[in-house]
Amino acid sequence: MRSRSDRLLRLVRRPRVPAVIAALTLLVTLVAPGIAGAQQPAPGNDYTIATDITFAPFEFQDESGKLVGIDMDLLAAIAEDQGFTYLVNAVGFDAALQAVTSGQANGMIAGMSITDARKATFDFSDPYFESGVQMGVLESNDSITSYEDLRGKSVAVKNGTEGATYAESIKDQYGFTTKYFADSSSMFDEVRTGNSVAVFEDYPVLAYGIKQGNGFKTVTDKVPGASYGFAVAKGQNAQLLQEFNTGLANVKASGQYDEILDTYLNADASDDDNSILGLIKSTYPLLLEGLWLTIVLTVVSIAIALVLGAIFGLFRVSTNIVLRGIGTTYVDVFRGTPLLVQAFFIYFGIPAALDFQMSAFTAGIITLSLNAGAYMAEIVRGGILSVDKGQMEASRSLGISYLKSMQKVVMPQAVRTMIPSYINQFVITLKDTSILSVIGLAELTQTGRIIIARNFQSFNMWLIIGAMYFIIIMALTKLSNRLEKRINR
C-alpha cells in the first residue's frame with residue numbers, strides 16, 4: 001500500500017498547474033494587443049458624436065445595420081458641408097449625456113430638447129427641429145380618450161424626453177403616475193403588457209411608430225414642446241458647435257433639410273415579413289454579429305478573470321496579512337457593487353477623472369474581467385480550503401516549501417473541486433455581457449433592442465434571442481461537462 005508521502009511526491013511531479021497557468025498566460029498575451037488597440041480612437045475622425053440608438057425616426061438602424069434617421073442624415077449633410085469627419089457612438093440617451101460630460105464624446109445629437117436645466121451643463125446649437133408631445137394608447141383601447149381618463153392609472157415615458165417632462169407637469173392635475181424607461185421600445189412594451197395605459201411621446205416618434213404598425217393610436221392633440229438641439233459640454237468644442245450651426249443654415253437654405261424630414265416623417269409603412277422565420281431570415285446577419293461580440297467578450301474576460309482569480313484567491317488564503325487584506329478588499333469591492341455601476345464608473349468615471357479616452361470594448365473587458373475575477377477568487381479560495389489541511393502539513397514535513405506545496409500538492413486537488421463553479425461562472429459572465437449595452441456595445445441583447453426599435457416585433461425578437469442564448473449556453477455547458485469528466489478520470 002502506498003503511503004501518504006508517496007502519493008504527495010507523485011502529485012509534486014505532476015506539471016498540471018504550471019501548464020494551466022502557462023496556457024492562460026499565453027492566451028492573455030495573444031489577446032492583449034487587440035485589447036490595447038481597441039483603446040485607440042478610429043483614425044481620420046475629427047469628432048466623436050454620441051447618440052441614442054432606439055429613437056426612430058431620428059436615429060435607428062435599418063435592415064442592413066446602418067444607423068439612419070433624421071439626426072443621422074442631418075449630421076452627415078452638415079459634416080459634408082463643413083468638411084469635417086466624425087465617428088458616431090450609439091450608446092443610448094442616458095449614456096450619451098454622460099459620454100459628452102465625461103469627455104468620451106465631443107458632441108451629442110439624439111432628439112435632445114433644449115431646456116434651461118440642460119443649458120447649465122451643455123452648450124446647444126441653433127434649434128434644428130421643433131417638437132411637440134402627444135399621448136398614445138393601444139388601438140384596442142377605447143376607454144382612454146383624454147387626460148381626464150388617466151386618473152388612478154399609470155403612463156409610460158422615456159428618460160430625458162419632452163414627453164416625460166410634459167407628463168410630469170400634468171400628472172398631479174390629472175391624478176396619474178409615471179414609469180420611466182431607457183428606450184422607446186420598452187416604453188411601448190410597458191403599455192402592451194397592460195401595466196400602463198398610455199405613453200407620452202414626442203409626436204414625430206409616436207407618428208412614425210404608428211405608421212410602421214406598432215399597434216398604437218393618438219388620442220390627444222399635439223402640445224407644443226421644446227426644440228431639439230445639438231449639444232456639446234459646457235465651454236467645450238466651440239468650433240464643432242459653430243460648424244454645426246453654419247452647416248445647418250446652409251443645409252436649410254439648399255432645401256436638403258426639408259428633403260431629410262420628408263424622407264422619414266412621410267415614410268411608408270414597412271411590408272417586411274415579421275413572422276419568426278421572416279425575422280430570422282432578415283435579421284440573422286446582425287444577430288450573428290451580436291452573438292460573436294458576446295462570445296468574444298465572454299472568452300477574453302474569463303481568460304483574464306482566471307488569472308485574477310488565481311492571484312487574488314491565493315492572496316485570500318495567504319499567511320501574509322497584507323496580501324490577505326488586498327485579496328479581501330478586491331473581492332469585497334467587486335462583489336459588493338452592481339456590475340452596471342462598475343461599467344459606468346470604468347467607462348465614464350475613470351476617463352473623466354484622469355482625462356483620457358477609453359473604447360467601450362476595452363471598458364467592457366475590464367469590467368467583466370474584474371467582476372468575474374472577484375467571484376473566481378472566491379472559487380479558488382473555497383477550492384483550496386476544501387483540501388484537507390493534512391495534505392499541506394505532510395508536504396511541509398517532507399521539506400517541500402510552502403509555495404511548492406501549494407503549487408504541486410494543494411492546487412491540483414483543489415482544481416477538481418473548482419471546475420463545476422468555473423463552468424457556472426462562465427455561463428454567468430456570458431449572460432452578464434447584456435449589461436454592457438449601457439455603454440454602447442452591440443452584443444446580442446442590445447442588437448435585439450436595436451432591431452425591435454425598427455420593427456416593433458418585441459415578442460418574436462425576444463423569443464429568437466432567448467433561443468440563441470439557450471443554444472449557446474447549453475452547448476458550452478455540455479462541452480464543459482465533457483472536459484470536467486476527462487480531467488477527473
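Residues are numbered from 1 along each chain as its sequence is written. Because the model is predicted, local features need pLDDT of at least 70, side-chain atom pairs count only at pLDDT 80 or more, and totals for chains, interfaces and linings use all residues; side-chain values use heavy atoms, with hydrogens and water left out.

The protein chain contains 18 helices and 13 strands. Helices (H or I, at least four residues) and strands (E, at least two) are DSSP runs, numbered from the N terminus. Of the 489 residues of the protein chain, 50% count as buried. Buried means under 20% relative accessible area, exposed over 50%, and partly exposed in between, with a 1.4 Å probe and protein chains only. Among contacts in the protein chain with a separation of 6 or more, 76% come from residues 24 or more positions apart; a contact means heavy atoms within 4.5 Å.

In soluble globular proteins, nonpolar side chains tend to be buried together. A nonpolar core is here a set of buried Ala, Val, Leu, Ile, Met, Phe, Trp, Tyr and Cys residues joined through side-chain atoms within 4.5 Å. The largest nonpolar core has 40 residues, of which M108, M112, L297, Y330, L436, I439 and L441 touch the most other members. At least two residues of this core are supplied by each of α4 (93-102), β6 (122-124), β13 (231-233), α11 (276-316), α12 (321-335), α13 (339-354) and α14 (360-386). Domain 1 (47-128 + 229-266) and domain 3 (276-488) each give at least three residues to this core, the domain bounds coming from an automatic or database domain assignment. When neighbours within four places in sequence are left aside, L297 is in contact with F361, I365, L368, T433, L436 and L441. A second, separate core of 36 residues includes I70, M72, L248 and I450.

Side chains of opposite charge can pair when their charged atoms come close. A salt bridge is a side-chain nitrogen of Lys or Arg within 4 Å of a carboxyl oxygen of Asp or Glu. By this rule the count comes to nine salt bridges. One of them joins D123 and K234, with the closest N and O atoms 3.3 Å apart. This pair links distant parts of the chain, as D123 is in strand β6 and K234 is in the loop between β13 and α9 (238-254), 111 residues apart. D123 is partly exposed at 21% relative accessibility, and K234 is partly exposed with a relative accessible area of 47%.

Other pairs lie within a helix. K171 and E168 form a salt bridge whose closest N and O atoms are 3.0 Å apart. Both residues lie in helix α6 (residues 162-174), three residues apart, about one turn of the helix. K171 has a relative accessible area of 23% and E168 one of 28%. In helix α14, R381 and E378 are three residues apart and so are separated by about one helical turn. Their salt bridge has its closest N and O atoms 3.2 Å apart. R381 is partly exposed at 26%, whereas E378 is buried at 16%. R316, R335, E378 and R381 are linked in a network of salt bridges.

Two aspartates in loops were also examined. D52 lies in the loop between β1 (47-51) and β2 and is buried, with a relative accessible area of 2%. A polar contact of 2.5 Å joins the side chains of D52 and K158. A polar contact is a pair of N or O atoms within 3.5 Å; within protein, one must be able to donate a hydrogen and the other to accept it, and residues adjacent in sequence count only if both atoms are side-chain atoms. A polar atom of the D52 side chain also lies 3.5 Å from the backbone nitrogen of F93.

D62 is in the loop between β2 (60-61) and β3 (67-68). D62 is buried yet has no salt bridge, and the nearest side chain of opposite charge, K66, is 6.0 Å away. The side chain of D62 reaches the backbone nitrogen of K66 at 2.9 Å. Leaving aside its neighbours within four places in sequence, D62 is in contact with V68, L286 and R454.

Most residues other than glycine have a negative phi, and most peptide bonds are trans. The peptide bond from A56 to P57 is cis, with omega near 10°, and P57 lies in the loop between β1 and β2. N237, in the loop between β13 and α9, has a positive phi near 55°.

Notes
Lys, Arg positive; Asp, Glu negative; His and termini not counted.
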